[in-house]
Amino acid sequence: MSKRLKFSMAMTIIAAILGTVASALLFWIKDAAAQGTPSQSLSPDVWRWALVSAAAATGISTAAAAHAVARLGSAAIGALAEKPDLFGRLLIFVGLAEGIAIYGLIISVLILNRLT
């Protein structure tokens, strides 16, 4: 099995597990909202869409950051093989690509903060 196929299978399994957990949480949120939420004025549908949007913000930004780091990391390794003195500059580029995931996490925290 090639490395790409193993990686693709691993990512598919992780996505399936996360999707199952997210689906279970979406089905149970109605019962949790009926028992009492910090903000009684919000309907369970608002809670569901807020959780979906927070999960989408985090998931899509994390997938985009993983793609960017994978592309940039392989190019950085090739550049470091030829010029090792570029390490600091390339590390900055990889850090900027990782920032995409952090921005998505901040957005999802802001979305969830509006619920309470």
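These legends go with several close-up views of a predicted model.

**View 1. How confident is the predictor, and where?** The chain has a mean pLDDT (the predictor's confidence in each residue, from 0 to 100) of 79, with 78% of its residues at 70 or more. Confidence is lowest in helix H1 (residues 3–35), at a mean of 68, and highest in H3, at 87. Helices here are DSSP runs of H or I with at least four residues, numbered from the N terminus.

**View 2. Helix H2 from end to end**. Take a look at residues 44–82: that's 39 residues, reaching 57 Å from first C-alpha to last. That is close to the expected 57 Å, which is 1.5 Å times one less than the number of residues.

**View 3. Ser108 in helix H3**. Helix H3 covers residues 87–115. Leaving out residues up to four places away in sequence, Ser108 touches Ala54, Ala57 and Thr58; touching means heavy atoms within 4.5 Å.

**View 4. Ile107, also in helix H3**. Ile107 is partly exposed, with 41% relative accessible area; that class lies between the 20% limit for buried and the 50% limit for exposed.

**Notes.** Residues are numbered from 1 along each chain as its sequence is written. In this predicted model, local features need pLDDT of at least 70, side-chain atom pairs count only at pLDDT 80 or more, totals for chains, interfaces and linings use all residues, and side-chain values use heavy atoms, leaving out hydrogens and water.

Conventions:
Helices (H or I, at least four residues) and strands (E, at least two) are DSSP runs, numbered from the N terminus. Buried means under 20% relative accessible area, exposed over 50%, partly exposed in between (1.4 Å probe, protein chains only).
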